[in-house]
Amino acid sequence: MEIPPAIAALPRFALLDGPSPFAPLRRFSAALGDGADVWIKREDLLPLAFGGNKLRNLEFLVGAALAEGADTLVTSGRRWSNHCRLTAAAGARAGLEVDLVLTGPPPAAGAEGPNQVLDELLGARVHVTATDQRAERAALVEDVATRLRAAGRRVFVIDVGGTGPVGAAGQVLAGLELADQLTALGIREATVVLPSATGGTHAGVLTGLALAAPPVRTVVGIAVAAPAEELRPTIGALLEGLAPLAGVVVSADAIRLEDDQLGEGYGRPTEAANAATRLLARTEGILVDPIYTAKALAGLIARVHDGRLHGPVVFWHAGGLPGLFEAT
């Protein structure tokens, strides 16, 4: 499907090597019963640093940084942040230095989590806040960027999660990619279930699918980081920001966002998520992480069982596999 002209005109740095795989989950569907017909979009198999859908945002964000003459990327997130890990990988690919600000408190020496180990292996300089307060993290980002500029670096700051219309433009293309895959298989309509944390993937995929003919009418976001009432306005604002880039207006009424799988909060596993992880692993040999994708999968399972989901259902595997090895 043709890329909208305003998105095609954005600076872009190639990080992908083709569409991510799309395949049926036959044994998983049979194990679910209730006539389930579940498919999977394998964003976890995108090519850099254990994969993950944030590479799509970073194609445009790194492109913007290079267009501005930047030589250093600065961004931030939790210790398990896929976005931070993939920013480090994208910076390595593009020849840019990367500074990451991670939410603390700092781990004991030798007890760094797997994502931080990977961040540093990829060459990023890691800064960890003393507490888990968002305001402290934002202040440290500003301090790091100021010090780098004073040292003569040309800094490009990326918001948490790479969320924003430019980054989410990559997710619009992901939605268009899925529409092409569905069309090639003769699947006329499907429901997409995806994890929603900062809202960029949700807004971008929803916009991309709205461009398809016929449109895939339903995207169900399973909130994994914040309550739905907190995240919904962010997704609505992103839909507005994407409209001039994508050339389509998606109403906020199209946002389906549910938070019944949050449990005790972001990064805290639930029994339903653990059970979903085991079921997919033992029927298909595919792994999901407890922080993002397992909760979305648990939401899909619950909705198939109670009849809210039927017909073809696409599970959006956003990646995040190092999170399987995070201490909680």
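Which side chains meet in a salt bridge at 2.4 Å, N to O? The side chains of Asp260 and Arg303 do, a salt bridge being a side-chain nitrogen of Lys or Arg within 4 Å of a carboxyl oxygen of Asp or Glu. The model is predicted, and local features need pLDDT of at least 70, side-chain atom pairs count only at pLDDT 80 or more, and totals for chains, interfaces and linings use all residues. Residues are numbered from 1 along each chain as its sequence is written, and side-chain values use heavy atoms, with hydrogens and water left out.

The pair of Asp260 and Arg303 links distant parts of the chain, 43 residues apart. Asp260 lies in the loop between β9 (256–258) and α10 (271–284), and Arg303 in helix α11 (residues 293–305). Helices (H or I, at least four residues) and strands (E, at least two) are DSSP runs, numbered from the N terminus. Asp260 is partly exposed at 41% relative accessibility, whereas Arg303 is buried at 1%. Buried here means under 20% relative accessible area, exposed over 50%, and partly exposed in between (1.4 Å probe, protein chains only).

In total, the structure holds 19 salt bridges. Another of them joins the side chains of Asp99 and Arg125, at 2.6 Å from N to O. These two residues also link distant parts of the chain: Asp99 belongs to strand β4 and Arg125 to strand β5, 26 residues apart. Asp99 has a relative accessibility of 1% and counts as buried, while Arg125, at 33%, is partly exposed. A further salt bridge is formed by the side chains of Arg268 and Glu264, at 4.0 Å from N to O. Arg268 is partly exposed, with a relative accessible area of 37%, and Glu264 is exposed, at 70%. Salt bridges that share partners join Asp71, Glu97, Asp99, Arg125, Arg153 and Arg154 into one network.

Strands β4 and β5 also take part in an open sheet of four strands, in the order β5-β4-β3-β6, with parallel pairing. Two strands pair if DSSP finds at least two bridges between them. β5 (125–128) and β6 (155–157) stand at the edges with a single partner strand each, so one side of each has no neighbour in the sheet. From one strand to the next, the twist averages 20 degrees. Axes are lines fitted to C-alpha atoms, for helices over the stretch in contact, and angles run from 0 to 180 degrees between N-to-C directions. Strand β3 (residues 72–77) pairs with β6 in the parallel sense over three bridges, and Leu73 has Phe156 in β6 as its bridge partner.

Two helices that pack on this sheet are described here. Helix α4 (residues 82–94) touches β3 and β4 (97–102), and its direction makes about 165 degrees with that of β3. Helix α5 (residues 114–121) touches β4 and β5, and its direction makes about 140 degrees with that of β5. Contact means heavy atoms within 4.5 Å.

The largest nonpolar core has 40 residues, of which Leu178, Leu182, Val192, Leu209, Val314 and Trp316 touch the most other members. Such a core is a set of buried Ala, Val, Leu, Ile, Met, Phe, Trp, Tyr and Cys residues joined through side-chain atoms within 4.5 Å. At least two residues of this core come from each of α7 (165–184), β7 (191–196), α8 (200–211), β8 (218–223), α9 (228–246) and β10 (312–317). The largest share, nine residues, is supplied by α7. Residues up to four places away in sequence aside, Val314 touches Phe22, Trp39, Lys41, Leu178, Leu182, Ala190, Thr191, Val192 and Val193.

Phe22 and Trp39 are both buried. The count of aromatic pairs comes to three. Rings of Phe, Tyr and Trp (its six-membered ring) pair if their centres lie within 6.5 Å; planes under 30 degrees apart count as stacked, over 60 as edge-to-face and the rest as tilted. The rings of Phe22 and Trp39 are stacked, because their centres are 5.2 Å apart and their planes at 20 degrees. Phe22 is in strand β1 (residues 22–24) and Trp39 in strand β2 (residues 37–42), 17 residues apart. The rings of Trp80 and Tyr266 are edge-to-face, because their centres are 5.3 Å apart and their planes at 90 degrees. Trp80 is in the loop between β3 and α4, and Tyr266 in the loop between β9 and α10, 186 residues apart. Trp80 is buried at 6% relative accessibility, and Tyr266 is buried at 18%. One aromatic cluster is formed by Trp80, Tyr266 and Tyr292.
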